[in-house]
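Hi everyone, thanks for coming. Today I'd like to walk you through one structure, so please take a look at the sequence and the model on the screen.

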Amino acid sequence: MIRDALAAVRAQIAAAAVAAGRSPDEIELCAVSKTKPVSSLREAHEAGQRVFGENYAQELADKRGALAELSDLSLRMIGHVQSNKAKLVARVADAVDTIDRPELARELGRRAEAEGRRLRVMIEVNVGGEAQKHGARPDALGAVLDAVTRERSLALDGLMTVPPYTDDPIHARPYFARLRELRDAHGGARALRHLSMGMSHDFREAILEGSTMVRVGSAIFGAR
Ligand SMILES: *Cc1c(COP(=O)(O)O)cnc(C)c1O
């Protein structure tokens, strides 16, 4: 089941890439496994999936422990990180895609250094300026970028966003375009390799706007 769903999603990613005039290899798939059991991650891993996204620090830590024998597994934190969880996250995650404030960059940098680890990170941008949503406001992005680049134990992977929800994913495209424009305004693809954007319902639109990493959960693992 998961194997078939993964194959279908990979085929849709490739088709969207071709429609955008891009190479399918440019787009990484992060399989979002939050709330799903360890057996589901194992099944996806057996089907060749290596990169997983988790939203909750403790759940990510538990899955890291349960899957310790899978040395090629990459666990990305894609949920909001409270400062009091920075220590745990710096110890167990391979990447944190939701840095949204300078203090969090400093705290994760300090904790990763103490663990002797190098943490890959992305900055989450609140492109829609929604009050209830996490992520740096576009005009605060420069300050967060500066804070990240000052931390020796953080390696900057790019920018991430979750656009405002719309019934028709076509309306998400301007928000995806906005993240790409922000990337271009802050050093381009050379400085910010990844644009993490696109979920189950809108990853095709995100790929048309330049996404290099899609975060797909329910289309692979079923409804939560
Ligand atoms: C849950 C989640 C996803 C995956 O959502 P689906 O609609 O299940 O594909 C992607 N990104 C983030 C930040 C999430 O919280």
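Let me begin with a term: we say a charge sits over a ring if NZ of Lys or CZ of Arg is within 6 Å of the ring centre and within 35 degrees of the ring normal. Keep in mind that this is a predicted model. Here, Arg204 lies over the face of Phe203, at 4.5 Å from the ring centre.

And how many aromatic pairs does a search of the whole structure find? The search comes back with zero.

Let's look at some contacts. Gly217 has a polar backbone atom 2.8 Å from an oxygen atom of the ligand. For Ser218, a backbone N or O atom lies 2.8 Å from a ligand oxygen. With Arg224, an N or O atom in the side chain is 2.8 Å from an oxygen atom of the ligand. Taken alone, the ligand exposes 390 Å², and the protein buries 89% of that.

That's my tour, thank you!

How values were computed: Residues numbered from 1 in each chain as written. Predicted model: local features only at pLDDT ≥ 70, side-chain atom pairs only at ≥ 80, totals over all residues. Heavy atoms only, no water. Polar contact = N/O pair within 3.5 Å; in protein donor to acceptor, adjacent residues only side chain to side chain. Areas by Shrake-Rupley, 256 points an atom, 1.4 Å probe, with all protein chains shown as cover. Phe/Tyr/Trp six-rings, centres within 6.5 Å; stacked < 30°, edge-to-face > 60°.
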